[in-house]
Amino acid sequence: MTESADSLPDIPLESWRPTKETLHRFAQVVGKVALAKGIRRNHWWHMTFRLTARGWTTVPLGTARTGPVFTCSFDFFDHVLRIATDQGIEVEIDLLQQSVATFYTDVMGGLGDLGIEVVMPHPHPFDLPDADRPFEDDTDHAAYDPDKARKAFHVHSRVGRILEEFSATYSGKISPVQLFWHTFDLAVQRFSPRRIDLPSSVDSVTREAYSREVISAGFWFGDDKVPEPTFYSYVAPEPDGLADRTLKPAGARWVTSGSGHAAYYAYADARRTADPVGAALEFFQSVYANGAELAGWDADQLACWGGITDPVLERKTARWPEWPA
């Protein structure tokens with residue numbers, strides 16, 4: 001293994017699938033707590049997770065009117081979920097030797113011990129094969145290998161830095177780098193001001209997520225449909241001719257996704273290059289440049305290379321990044 005490839009650790013889907021499937025459901029339990037107790041933000045930003053140096057965390061939950069304020073943080077070194085309040089009190093819930101059922105019971109009990117009342121309207125998995133089964137009845141998903149969970153977090157940590165570096169070149173409306181617990185992908189979204197009025201026949205989750213024109217960039221570990229870790233990007237609404245555009249680097253491709261297309265670049269392909277981080281950045285920039293041009297975005301006006309918008313420094317440093325470096 002080369003030193004550069006080690007910057008993105010190898011993580012074949014089958015090497016940790018049982019742990020992934022359990023951890024995905026653990027994330028959904030906590031995500032639904034965030035959905036119930038967060039202050040609603042545009043595009044659902046209140047209920048997604050952020051990366052820390054040790055795992056994932058919710059944003060602060062609760063309100064100024066009804067305390068306590070609290071966070072729920074996954075720690076993949078101590079292998080606990082830590083629920084901490086602004087009153088200096090916390091509880092820890094083990095991730096080891098837990099089924100989804102016992103984890104859900106412990107989370108709800110821990111919240112209750114902290115005086116936090118959570119009403120979860122639909123305590124079931126979202127968009128998973130067992131979506132009809134309540135969390136409290138799921139004793140099947142109980143695999144959690146601590147070494148594999150920590151390695152998966154290490155991958156997330158590195159990919160998160162790639163997405164942050166990519167984010168730094170855009171000065172328009174942009175989401176945090178965030179983990180979407182329902183689909184288990186790490187992503188960032190760039191928006192234009194254009195409103196997209198989806199019809200009432202479209203579900204409310206989708207209408208909120210795509211209420212503005214968006215170019216999304218992200219990563220997921222893989223699933224039955226895409227059985228390998230993959231970088232992805234797409235434009236919504238998709239402009240005419242997008243899937244005819246050439247992508248970089250070699251190996252990046254357009255695939256049919258729903259009624260449109262998404263760009264895929266295999267994580268393994270990036271690892272095989274001399275500069276895996278640069279290859280991933282080149283992929284994201286390639287999709288963005290094509291999508292922004294066809295959708296009529298003013299990419300030059302929206303650019304801020306190196307995260308700089310200071311007009312004096314900007315004139316000295318403005319340039320297209322040379323990815324891979």
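Strand β4 covers residues 80-85, and five of its six residues are buried, so the rest of the structure largely encloses this strand. The model is predicted. Strand β4 belongs to an open sheet of five strands, ordered β1-β2-β3-β4-β5 with antiparallel pairing. The edge positions go to β1 and β5; each has a single partner strand, so one side of each has no neighbour in the sheet. The points below start with the pairing around β4.

**Strand β4 and its partners**

- Strand β3 spans residues 70-75 and pairs with β4 in the antiparallel sense, over six bridges.
- Within that pairing, Ser73 has Arg82 of β4 as its bridge partner.
- Strands β3 and β4 make a hairpin with four residues between them.
- Strand β5 spans residues 90-94 and runs antiparallel to β4, joined by five bridges.
- Leu81 finds its bridge partner in β5, at Ile93.
- The hairpin of β4 and β5 also has four residues between its strands.
- In that hairpin, Gly88 takes a positive phi near 80 degrees.

**Further along the sheet**

- Strand β2 spans residues 55-57 and pairs with β3 in the antiparallel sense over three bridges.
- Gly55 has Asp75 of β3 as its bridge partner.

**Helix α3 on the sheet**

- Helix α3 covers residues 100-113 and lies across β3, β4 and β5.
- The angle between α3 and β5 is about 175 degrees.
- Ser99 sits in the loop between β5 and α3.
- Ser99 counts as buried, because its relative accessibility is 10% and the cut-off for buried is under 20%.
- Beyond its neighbours within four places in sequence, Ser99 is in contact with Phe26, Asp138, Thr139, His141 and Ala142.

- Asp75 is part of strand β3.
- Its relative accessibility is 3%, so Asp75 counts as buried.
- A polar atom of the Asp75 side chain lies 2.8 Å from the backbone nitrogen of Phe77.
- Setting aside neighbours within four places in sequence, Asp75 is in contact with Arg54, Val80, Arg82 and Leu95.
- Arg82, one of these contacts, is also the bridge partner of Ser73.

- His43 has a positive phi of about 60 degrees, although it is not a glycine.
- The position of His43 is in the loop between α2 (17-37) and β1 (50-51).
- His43 is buried, with a relative accessible area of 4%.
- His79 is another residue other than glycine with a positive phi, near 55 degrees.
- His79 lies in the loop between β3 and β4, in the turn of their hairpin.
- At 5% relative accessibility, His79 counts as buried.

**Cis peptide bonds**

- The bond from Ala236 to Pro237 is cis, with omega near -5 degrees.
- Pro237 is in the loop between β9 (230-236) and β10 (253-257).
- Lys248 and Pro249 are also joined by a cis peptide bond, with omega about -5 degrees.
- Pro249 is found in the loop between β9 and β10.

**Helix α7**

- Helix α7 covers residues 276-295.
- Of the 20 residues of α7, 16 are buried, so the helix is largely enclosed by the rest of the structure.
- An α-helix has 3.6 residues a turn, so residues three or four places apart point the same way.

Note on methods. Residues are numbered from 1 along each chain as its sequence is written. This is a predicted model: local features need pLDDT of at least 70, side-chain atom pairs count only at pLDDT 80 or more; totals for chains, interfaces and linings use all residues. Side-chain values use heavy atoms; hydrogens and water are left out. Buried means under 20% relative accessible area, exposed over 50%, partly exposed in between (1.4 Å probe, protein chains only). Helices (H or I, at least four residues) and strands (E, at least two) are DSSP runs, numbered from the N terminus. Two strands pair if DSSP finds at least two bridges between them. Contact means heavy atoms within 4.5 Å. Axes are lines fitted to C-alpha atoms, for helices over the stretch in contact, and angles run from 0 to 180 degrees between N-to-C directions. The expected span of a helix is 1.5 Å times one less than its number of residues. A polar contact is a pair of N or O atoms within 3.5 Å; within protein, one must be able to donate a hydrogen and the other to accept it, and residues adjacent in sequence count only if both atoms are side-chain atoms.
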